[in-house]
Amino acid sequence: MALDSTAAHADELARRWTVAMIRARPIERMGELSLQEIAIEAPALCAQVIRALQSDVELDRLTGWGPASGREHSAQALRFATIAGAPDAVAAVAAVEALRGVLWDVLIEDVRWTAGDRSTPRLLADMADRLAYVCAGLLEVAVAEI
């Protein structure tokens, strides 16, 4: 799964994620979102999530999992709740789901459908599984930090 071009558009992914989070929130909770925080940190987070879809090493960088390296305390998942304006676990779940939905839409757009190609359904299933796994890892770390 070559997603380098998708990761290159991390600003657009962050923008789409922000819109999805705004649309999913009740009006009285809009103030929990820091657009400045999102503008600064969300593009890098989105790019790292895309890289984590392709590599367990990148997933370890995102979550801080894996062997101790001294860098696990800088894993982006540790800041997810702050970036997403998620004050509690329920809000973190909603933010991860918003991100997962945006990424799935982009991944579907990137898949080249070829008539009669039997590998496309399998590719989609594999992408969906990996996206779910990466988002679950992101959520696990984020909720532990709240």
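I looked up Ala98 and found it in helix H6 (residues 89-110). Helices here are DSSP runs of H or I, at least four residues, numbered from the N terminus. The model is predicted: local features need pLDDT of at least 70, side-chain atom pairs count only at pLDDT 80 or more, and totals for chains, interfaces and linings use all residues. Residues are numbered from 1 along each chain as its sequence is written, and side-chain values use heavy atoms, with hydrogens and water left out.

I checked burial next. Ala98 is buried, at a relative accessible area of 11%; buried means under 20% (1.4 Å probe, protein chains only). I then looked for its partners. Leaving aside residues up to four places away in sequence, Ala98 touches Trp17, Ala20 and Met21; contact means heavy atoms within 4.5 Å. Trp17 lies 81 residues from Ala98 in sequence, yet 6.3 Å away in space, C-alpha to C-alpha.

I turned to H6 and helix H3 (residues 35-54). Their axes come within 12 Å and cross at roughly 60°. Axes are lines fitted to C-alpha atoms, for helices over the stretch in contact, and angles run from 0 to 180 degrees between N-to-C directions. H3 is therefore oblique to H6; under 35 degrees counts as roughly parallel, over 145 as roughly antiparallel, 65 to 115 as roughly perpendicular and the rest as oblique.

I listed the residues that meet. H3 brings Cys46, Val49, Ile50 and Leu53, and H6 brings Leu99, Leu103 and Leu107.

Last, I looked at helix H4 (residues 56-63) and helix H7 (residues 119-145). Their axes come within 9 Å and cross at roughly 25°. That makes H4 roughly parallel to H7.

Notes
Helix = DSSP H or I, 4+ residues; strand = E, 2+ residues; numbered from the N terminus. Buried < 20%, exposed > 50% of the residue type's maximum accessible area, 1.4 Å probe, protein only.
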